[in-house]
Amino acid sequence: MIDPDADLVRSAGAGDQRAAEALVRRHLPKMVGVARRMLSDSAEAEDVAQEVFLRVWREAPRWKPGQAKFETWMHRVALNLCYDRLRRRREKTDPDAGIAVADTRPLASDEWLARQRAAKVHMALAALPERQRAAIALVHFDEMSNIAAAEILEISVEALESLLARGRRALKAALADVAQDLMGGAEGGS
Amino acid sequence: MTKKEESMDRERFANLLDAYGADFRRWPAQMRAEAAVFAAQNAEAAALVAEAHRFDAVLDSARDDSPVSHDLAARILAGAPRAQRPAFDRRALLALAACAVFGVVIGYGGGMLAPAPAEDDSYFSMAFEAPSAFEDEG
């Protein structure tokens with residue numbers, strides 16, 4: 001297995017700042033992206049991404065290419081950090097804590113509608129079981145291949161397909177009104 | 001490749017559509033071409049794809065690709081490993097320490113090897129005590 005990050009990780013671990021910058025350029029947006037889908041909170045997602053890289057810097061000096069690619073390992077770290085945060089959220093009483101809610105300030109009607117839709121989708125995603133949400137985040141939003149996503153989640157491709165299908169079916173049911181709204185066309189706006 | 005993946009039928013197509021959505025680029029690589037042909041030749045499959053497209057659009061309305069905070073990368077890089085001081089420095093320090101030890105050893109050892117002071121220092125005292133003898137001879 002060829003790991004496209006192996007050389008960069010080795011160099012960054014030895015203190016090469018350019019290699020560290022290249023790793024950040026290559027992976028920071030992905031780490032923030034997957035954490036955003038999982039947590040529906042940009043600030044928290046950036047905290048997760050920063051924590052992922054703290055672990056990268058700690059592991060890089062002793063990183064040895066093994067069974068998983070470095071990027072796969074990074075995604076697993078990011079998802080585990082997200083699971084931890086979601087678990088802590090559940091322990092709190094407010095079930096909507098950290099979930100993006102549409103801004104109530106006056107906005108142009110299209111923008112207001114778009115924010116409302118996005119907030120509903122975020123809430124529906126947040127209501128999914130973590131593994132289904134992670135599968136949809138990786139395959140739909142991050143457009144990862146089924147093989148890469150299954151490897152990150154440490155499951156078979158068949159199990160990934162099952163997670164995806166169940167997650168999408170649950171979302172469809174929860175978001176039927178949003179779908180109707182979108183089909184209604186932009187001109188109606190209701 | 002399993003038998004299930006070899007042939008495309010309505011059930012398999014619908015299952016994959018449920019999992020991956022309407023964009024065949026998200027489908028397993030080995031199924032994409034066959035899925036596109038199946039959808040093109042099957043009206044029911046085409047209708048399912050159209051429905052899945054609408055649902056994908058709903059999901060995409062929550063897509064947040066806004067850029068990350070401009071200082072996040074800088075904060076992350078501040079924690080990256082730094083190169084250690086060059087090995088030369090360490091060697092130079094070791095050499096300096098060795099020189100110091102050597103100097104101490106030589107100094108101490110040299111002192112031990114030097115001749116012991118003579119017990120009879122009469123030659124020394126005579127050199128100062130008998131100037132008159134030379135004067136008399138003169």
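## An oblique helix pair

In this predicted model, α3(A) and α4(A) are oblique to each other. Angles count as roughly parallel under 35 degrees, roughly antiparallel over 145, roughly perpendicular from 65 to 115, and oblique for the rest. The angle between α3(A) and α4(A) is about 135°, and their axes are 9 Å apart. Axes here are lines fitted to C-alpha atoms, for helices over the stretch in contact, and angles run from 0 to 180 degrees between N-to-C directions. The crossing of α3(A) and α4(A) is right-handed. A crossing is right-handed if the near helix is turned clockwise from the far one by less than a right angle, and left-handed if anticlockwise.

Which residues of α3(A) and α4(A) make the contact? From α3(A) come Glu44(A), Val48(A), Glu51(A), Val52(A), Arg55(A) and Val56(A). From α4(A) come Met74(A), Val77(A), Ala78(A), Leu81(A), Cys82(A) and Arg85(A). Two residues are in contact if their C-beta atoms, placed from the backbone, lie within 7 Å. By class, this contact has eight nonpolar, no polar and four charged residues. Ala, Val, Leu, Ile, Met, Phe, Trp, Tyr, Cys and Pro count as nonpolar; Asp, Glu, Lys and Arg are charged; the others, Gly among them, are polar.

## How the model is read

Residues are numbered from 1 along each chain as its sequence is written, and chains are lettered from A in the order in which they are written, with ligands numbered from 1. Local features need pLDDT of at least 70, side-chain atom pairs count only at pLDDT 80 or more, and totals for chains, interfaces and linings use all residues.

Chain A has nine helices and zero strands. Chain B has eight helices and zero strands. Helices (H or I, at least four residues) and strands (E, at least two) are DSSP runs, numbered from the N terminus.

Of the 190 residues of chain A, 39% are buried. For the 138 residues of chain B, the buried share is 15%. Buried means 20 or more other C-beta atoms within 10 Å of a residue's own, exposed means 12 or fewer, and partly exposed lies in between; C-beta atoms are placed from the backbone. Take the contacts with a separation of 6 or more. Residues 24 or more positions apart account for 65% of these in chain A and 58% in chain B.

## Where the chains meet

In chain A, 41 residues are in contact with 29 residues of chain B. Several helices of chain A each supply at least two residues of this side, including α1 (6-13), α5 (109-127) and α8 (157-174). Helix α2(A) gives the most, with eight residues. The residues on this side of chain A divide into 25 nonpolar, seven polar and nine charged.

## Two positive phi values

Most residues other than glycine have a negative phi. Ser40(A) has a positive phi, near 55°. Its place is the loop between α2 and α3 of chain A. Is Ser40(A) buried or exposed? Ser40(A) is buried, with 24 other C-beta atoms within 10 Å.

Glu154(A) also has a positive phi, of about 55°. Glu154(A) lies in the loop between α7 (146-153) and α8 of chain A. With 10 C-beta neighbours inside 10 Å, Glu154(A) counts as exposed.

## Confidence

The complex has an ipTM of 0.80 and a pTM of 0.74 from the predictor. pLDDT is the predictor's confidence in each residue, from 0 to 100. The mean for chain B is 77, and 59% of its residues reach 70 or more. Over residues 1-5 of chain B, pLDDT stays under 50. Where pLDDT is low, the predicted coordinates should not be read in detail.
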